[in-house]
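Reader: Could you take me through one part of this model in detail? I would like to look closely at the salt bridges, please.

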Amino acid sequence: MKVEKLENLTEADQKALMAIWLAGNLDSHPFIAAKYWQNQVAERSQQLSKAIIYVVYQDDQIVGFAEMMTHYLAGIFVKAGHRDQGIGSLLLFALKSAYSQIRLNVYEKNAKAVRFCQKHDFDETDRAVDSDTGEVELTLKWQE
């Protein structure tokens, strides 16, 4: 497996990415109502076309992706059944080679994601309550 920068986002790519995005958010955030994530799909789908997308393919199917907006990592998402196989780390290593700093936000209750970021040398720079969900959100930063 290798990471590729997705140069031309096709409609099929967008559908695949959004399916992975929605499933990943529903699985990772049981403390937030599913309706919240479902209501975000249209807006997030539009944001994908403005982002820089890095993908991992397996058997010609996207199994994971990272979404960058300048130095902001909007998320790393891995398809169910492919998680815990190093795909997220592979994406993050590619991002670290392309960017000198990366910022992201993660919900404090998403302990698995917080541990993943700490393992990859991200430091907490801020914490605040997300007004949309009422959940504590951490701001993390990595810099080379």
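**Salt bridges, pair by pair**

Author: Happy to, and let us begin with one arginine: Arg83 is partly exposed at 27% relative accessibility, where buried means under 20% relative accessible area, exposed over 50%, and partly exposed in between (1.4 Å probe, protein chains only). This is a predicted model, in which local features need pLDDT of at least 70, side-chain atom pairs count only at pLDDT 80 or more, and totals for chains, interfaces and linings use all residues. Residues are numbered from 1 along each chain as its sequence is written, and side-chain values use heavy atoms, leaving out hydrogens and water.

A salt bridge here is a side-chain nitrogen of Lys or Arg within 4 Å of a carboxyl oxygen of Asp or Glu. The count by this rule is seven.

Arg83 pairs with Asp27 in one of them, at 2.7 Å from N to O. Asp27 sits in helix 1 (residues 11–28) and Arg83 in the loop between strand 4 (72–78) and helix 3 (87–98), so the bridge ties together parts 56 residues apart in sequence. Helices (H or I, at least four residues) and strands (E, at least two) are DSSP runs, numbered from the N terminus. Asp27 is partly exposed too, at 47%.

Glu67 and Arg44 also form a salt bridge, again 2.7 Å from N to O. Glu67 belongs to strand 3 (residues 61–69) and Arg44 to helix 2 (residues 34–48), so parts 23 residues apart in sequence are tied together. Both Glu67 and Arg44 are buried.

Finally, Glu108 bridges to Arg127, with their closest N and O atoms 2.7 Å apart.
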